[in-house]
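Here are some notes for a colleague opening this entry for the first time. Please read them with the sequence and the model side by side.

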Amino acid sequence: MSNARRLRGLCRPVAMVATAAALSVAATGCVTVHGEREVLPAATKTEAAKALKDFLAAYNKAEKTYDPAADAARVTGPLGAINQAGLRSRQAQHPGGNPGATPLKLTDVTYAIPKKAGWPRWFLADTKANRKVGGKTDARWLWIFTKGGPDQLWQASYLNLVAPAKVPDLKKDKDGWAVPVEAGAAHLAVAPKDLGKTYTAFLKSGGDAFAPGDHTSKWKAARDRNTKRLGVGVQYLDYPRNGGTFAPVGLRTKDGGALVFFATHHYEKQTVAKGIDLNLDPNAKALLKGEAKQSVTLERVSNQAVVDPAKSSGDKVTFLGRIQGLTGAKGDQ
């Protein structure tokens, strides 16, 4: 099902990774904290550039050493969960780190910075990277950076990848700032706050909210086939993640829709008949808690990037990409 390369130490792209990005959404639009009511740009471009630079320095150190502490302060949300678990797994398998690691370099950077009041604040960095994805080097790497308060650091919370031609045009205000989308935006096909719930319901029972594709109809079909394997019982449990730095984030597009990131949490329980090996891969073994003789529960975090069209268009929500990572494994004897 997956033909994309692993992004070493950072995350694992799922299926044919493609994406787009967008930013933070508060349940009522603008958030007022500490009495701050003035609507201001979330960051200056200089501040945004420094946040990206500081993240890269920490990430590259972590990738070389496989030490989760090296970039723990610079990641959060779904990206942080994937990154930190991946580093723990690789550190267990390679205690000496990866001295031959090639530093991640991000170029051709543009920023989409919305105006909002209070905290948290966030912005989008649209970049090109020095790594191939699916054999191609032109993918756009789209990052969400979040800051929870005036004394906190900027942290990368979301990442997805998208073919350049699929990145939607973002709406800008008269001053050139990006326009955020409210979590409960009723004019969209699915309100951002409901995307996780709608997606996990689709994976269980189907539905018509999403356009067919690798991360919707094809992934559901692959999971359904997986539950019918001879000698192996597979159960899935899926949950939306809407709280804190896992909250859905979005920016308006010029056509009246929105570019939205949202997060989900997935559990896969495998139980094998006697005489059949569970065949855990090295990453799962490195994160395993307990003993897995006949049963194991794999835990994964996933972040999705979608185009959420205007309800009036009659179009369905279209996936641009999904990045999923193994974050835990628990043996059930």
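With the side chain of which residue does the side chain of Ser302 make a polar contact? The partner is the side chain of Gln304, at 2.4 Å. A polar contact is a pair of N or O atoms within 3.5 Å; within protein, one must be able to donate a hydrogen and the other to accept it, and residues adjacent in sequence count only if both atoms are side-chain atoms.

1. Basis. This is a predicted model, in which local features need pLDDT of at least 70 and side-chain atom pairs count only at pLDDT 80 or more, while totals for chains, interfaces and linings use all residues. Residues are numbered from 1 along each chain as its sequence is written, and side-chain values use heavy atoms, with hydrogens and water left out.

2. Ser302 belongs to strand E12, residues 295-308 (helices, H or I, of at least four residues and strands, E, of at least two are DSSP runs, numbered from the N terminus). Ser302 is buried, at 0% relative accessible area (buried is under 20%, exposed over 50%, partly exposed in between, with a 1.4 Å probe and protein chains only). Beyond its neighbours within four places in sequence, Ser302 is in contact with residues including Phe262, His266, Arg322 and Gln324 (contact means heavy atoms within 4.5 Å).

3. Open sheet. The order E3-E5-E6-E7 describes an open sheet of 4 strands with antiparallel pairing (two strands pair if DSSP finds at least two bridges between them). At its edges are E3 (106-112) and E7 (155-162), each pairing on one side only. Strands E5 (residues 121-129) and E6 (residues 140-147) are joined by 8 bridges; Leu124 has Ile144 in E6 as its bridge partner.

4. Helix H3. Does the length of H3 (residues 192-205) agree or disagree with its residue count? It agrees, because 14 residues at 1.5 Å a residue should span 20 Å and the end C-alpha atoms are 20 Å apart (the expected span is 1.5 Å times one less than the number of residues). Buried residues of H3 include Leu195, Tyr199, Phe202 and Leu203. Down the axis of H3, its buried residues fall within an arc of 155°, so they line one face of the helix (the arc is that of the directions from the helix axis to the C-beta atoms). The face turned away from that side carries the exposed residues Lys197, Lys204 and Ser205.

5. Around H3. The cover over the buried residues of H3 includes helix H4 (217-226) and strand E8 (232-241), along with E12.
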